[in-house]
Amino acid sequence: YGQDGQPIFMADSDIGAVFNGMKIIAKFPTMTINSNIFKNVVETKITASQQYQPNFSNDTYLYFCDSIGLIKKVTDFGGGNVESWSIERWAVMK
């Protein structure tokens, strides 16, 4: 139950699944970011108007990859104004 925040661990859900304003909008077999190829990427959208906490005060897109986690974040401030963050390097811990 996500009343106290936005759960972001639903990347294994089907396209179209929605919980607390977060929706799975696409799944990509591969995505290239900073010359790195990521496999099985899930794109989600968090709709700001459906949030109870200020953590996501703008529509936000999060991209997750198997075995790595969050690889990209895009915040949409409206009017074509976006802020983007993407992973540069990582290490898999076993």
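**Close-up views of a predicted model**

**View A. Glu 88 and Arg 89 form an ion pair at exposed positions.** Glu 88 is exposed, and Arg 89 is exposed too (over 50% relative accessible area; buried is under 20%, partly exposed in between, with a 1.4 Å probe and protein chains only). The two residues form a salt bridge whose closest N and O atoms are 3.5 Å apart (a Lys or Arg side-chain nitrogen within 4 Å of an Asp or Glu carboxyl oxygen). A word on the model before we go on: it is predicted, with local features needing pLDDT of at least 70 and side-chain atom pairs pLDDT 80 or more, while totals for chains, interfaces and linings use all residues. Residues are numbered from 1 along each chain as its sequence is written, and side-chain values use heavy atoms, without hydrogens or water.

**View B. Lys 45 and Asp 59 make a salt bridge between two strands.** The structure holds 2 salt bridges. In the one between Lys 45 and Asp 59, the closest N and O atoms lie 3.8 Å apart. This pair links distant parts of the chain, with Lys 45 in strand E3 and Asp 59 in strand E4, 14 residues apart (strands are DSSP runs of at least two residues, numbered from the N terminus). Lys 45 counts as partly exposed because its relative accessibility is 22%, and Asp 59 counts as partly exposed at 23%.

**View C. Six strands line up in an open sheet.** The order is E1-E2-E3-E4-E5-E6, with antiparallel pairing (a pair needs at least two DSSP bridges). Strands E1 (18–19) and E6 (82–86) stand at the edges with a single partner strand each, so one side of each is left without a neighbour in the sheet. Further in, E2 and E3 share 10 bridges, E3 and E4 share 6, and E4 and E5 share 7. To find your way across the sheet, look for Phe 28 with its partner Val 41 in E3, Val 42 with Phe 64 in E4, and Leu 62 with Lys 73 in E5. The hairpin of E2 and E3 has 2 residues between the strands, and Asn 34 takes a positive phi near 50° there.

**View D. The largest nonpolar core has 9 residues.** They are Met 31, Ile 33, Phe 38, Val 41, Tyr 63, Cys 65, Ile 71, Val 74 and Ile 87 (buried Ala, Val, Leu, Ile, Met, Phe, Trp, Tyr and Cys, joined through side-chain atoms within 4.5 Å). Strands E2 (22–33), E3 (36–46), E4 (59–65) and E5 (69–76) each give two or more residues to this core. Apart from it lies another core of 8 residues, including Ile 24, Val 42, Ile 46 and Phe 64.

**View E. Glu 43 is buried and has no salt bridge.** Glu 43 is found in strand E3. The nearest side chain of opposite charge, Lys 72, is 7.8 Å away. Instead, look for the polar contact between the side chains of Glu 43 and Tyr 63, at 2.8 Å (N or O atoms within 3.5 Å, one able to donate a hydrogen and the other to accept it; residues adjacent in sequence count only if both atoms are side-chain atoms).

**View F. Gln 51 reaches across to Asn 20.** Gln 51 is found in the loop between E3 and E4, and is buried because its relative accessible area is 16%. Its side chain reaches the backbone oxygen of Asn 20 at 3.0 Å. Gln 51 and Asn 20 are 31 residues apart in sequence and 7.0 Å apart in space, C-alpha to C-alpha.

Notes: Helix = DSSP H or I, 4+ residues; strand = E, 2+ residues; numbered from the N terminus. Lys, Arg positive; Asp, Glu negative; His and termini not counted.
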